[in-house]
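Trainee: Could we go through this structure together? I would like to begin with the overall fold and then turn to the side chains.

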Amino acid sequence: MTTPYQQQSQAPVPPQSPPQSPPQGPPQAAPPMPPQAPHQTNPYQAAPHHHAPHHSAPHHHTQPPQPQPHQPHQPHQPHQQMPSGPPSQPYAGVGPYTSPIPVRRTSLGNALASEWTKIKSVRSTIWTLSVMVALVIGIGLLVAATTADSDYDTVPTTLPGFFGTLLGQLCVVTLGVLVITSEYSTGMIRTTLTACPQRSRVLTAKALVFFTLSFTITTVALVLVAYASMGMHSGPAVAEPTGDQILGATVGAGLYVSLLGLLSLAVGAILRHSAGAITTMLGVVLLPSILPAFLMMSDSLRDLGSKMLEYSSPQSLASLFQIDDSLNNGWPQLSVLAGITAAAMIAAYALLEKRDV
């Protein structure tokens with residue numbers, strides 16, 4: 001006999017229906033879980049001398065903050081504000097650039113200073129002028145020392161300077177050519193004309209500096225020889241030189257040699273070649289002294305030969321020194337040389353402005 005409780009417990013269990021599957025649809029991705037480092041403890045529990053506070057409310061499991069990768073400390077850079085406006089405008093508060101070097105207009109004085117610096121700093125000037133001074137003074141003093149007082153009864157005592165001037169003038173001729181042609185041979189003339197675009201000013205400065213230098217040195221050398229010879233030979237048998245003779249033997253001869261050098265400078269500016277210009281000037285100096293000897297052989301060319309001989313360089317210097325009473329004082333020859341030199345300089349100016357460098 002069973003009790004109702006036992007019957008109820010033995011009753012068959014009704015079959016359970018299978019679990020219903022969720023509705024079909026696209027699979028939903030599970031929310032990503034942040035990666036956890038293995039064996040990582042709670043920072044609150046790992047901190048020493050701190051205890052987690054006790055709350056009566058249920059705890060919610062939260063993930064501890066993840067450590068951030070270490071980044072190097074960068075200094076704070078202030079924000080640079082770019083200037084507004086077009087790039088061509090200057091920044092605010094900054095004016096246009098002003099050069100500390102004073103700017104002024106150039107003049108002939110600046111060209112003279114430049115040419116003086118060049119002519120005194122090259123070796124050709126020192127050597128040629130030194131040789132010229134040595135010839136004029138050396139030969140003049142040698143002639144004055146080897147002559148007697150009786151040799152100056154009809155000629156002035158300034159005669160010894162004549163012999164040294166005949167050779168010394170060749171040095172001045174050479175230097176006059178080199179003053180201008182050396183810049184063409186080295187290409188320095190391009191720099192000169194770039195610094196001074198006024199070409200006529202450059203040629204004027206060269207002519208003035210060279211003429212002044214050659215005239216001063218030649219005249220000083222002739223004055224030294226003239227007064228040295230006058231001191232060596234004096235007495236009643238000696239013909240004392242007049243003022244005109246002293247002037248011609250010093251200033252006149254120095255002016256003649258300097259004009260001959262200036263003519264050489266003009267020929268050098270025209271030809272622009274050292275060897276060609278020197279050869280041309282040697283022909284100008286020597287040819288009038290040699291050619292008349294052949295011209296006088298012909299009756300029709302005898303007058304031409306005598307006139308050429310009168311205006312040759314040796315005869316012109318002899319007239320300035322007044323060696324013979326039959327000669328004039330030399331100033332006509334000096335005037336002719338000045339006219340030829342002026343014509344050559346005008347041609348040099350015209351060609352310098354017309355031709356390229």
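Trainee: How many helices and strands does the chain have?

Mentor: The chain has 13 helices and zero strands. This is a predicted model. Read along the sequence, the pattern is α-α-α-α-α-α-α-α-α-α-α-α-α.

Trainee: What share of the residues is buried?

Mentor: Of the 357 residues in the chain, 30% are buried. The accessible surface of the chain comes to about 23900 Å², and 64% of that surface belongs to carbon and sulfur atoms.

Trainee: And the contacts, how many join residues at least 24 apart?

Mentor: The share is 79%, counted among contacts between residues at least 6 apart in sequence.

Trainee: Let us turn to aromatics. How many aromatic pairs does the structure hold?

Mentor: It holds three aromatic pairs. In one of them, Phe 162 and Phe 321 have ring centres 5.8 Å apart and planes at 75°.

Trainee: Why is that pair edge-to-face?

Mentor: Planes over 60 degrees apart count as edge-to-face, so the angle of 75° between Phe 162 and Phe 321 places the pair in that class.

Trainee: Where do the two residues lie in the chain?

Mentor: Phe 162 is in helix 5 (residues 160-186) and Phe 321 is in helix 12 (residues 313-321).

Trainee: Are Phe 162 and Phe 321 buried or exposed?

Mentor: Both Phe 162 and Phe 321 are buried. They also form one aromatic cluster together with Phe 163.

Trainee: What about Phe 211 and Phe 215, stacked or edge-to-face?

Mentor: That pair is stacked, because the planes of Phe 211 and Phe 215 are at 5°; their ring centres are 6.1 Å apart. Both residues lie in helix 7 (residues 199-232), four residues apart, about one turn of the helix.

Trainee: Why does Phe 211 count as partly exposed?

Mentor: Buried means under 20% relative accessible area, and Phe 211 has 22%, so it counts as partly exposed. Phe 215, at 23%, is partly exposed as well.

Trainee: New topic: which residues make the nonpolar surface patch?

Mentor: The patch is made by Leu 282, Leu 286, Leu 287, Ile 290, Leu 291, Phe 294 and Met 297, and covers about 690 Å².

Trainee: Which helix gives the largest share of it?

Mentor: Helix 9 (residues 274-290) does, with four residues. Leu 282 has its place in helix 9 and is partly exposed, at a relative accessible area of 33%.

Notes:
Residues are numbered from 1 along each chain as its sequence is written. This is a predicted model: local features need pLDDT of at least 70, side-chain atom pairs count only at pLDDT 80 or more; totals for chains, interfaces and linings use all residues. Side-chain values use heavy atoms; hydrogens and water are left out. Patches are made of residues with over 30% relative accessible area and no salt bridge: like charges are joined within 9 Å, nonpolar side chains (Val, Leu, Ile, Met, Phe, Trp, Tyr) within 5 Å. Accessible areas come from the Shrake-Rupley method with a 1.4 Å probe; for residues, only the protein chains shown count as cover. A salt bridge is a side-chain nitrogen of Lys or Arg within 4 Å of a carboxyl oxygen of Asp or Glu. Buried means under 20% relative accessible area, exposed over 50%, partly exposed in between (1.4 Å probe, protein chains only). Rings of Phe, Tyr and Trp (its six-membered ring) pair if their centres lie within 6.5 Å; planes under 30 degrees apart count as stacked, over 60 as edge-to-face and the rest as tilted. Contact means heavy atoms within 4.5 Å.
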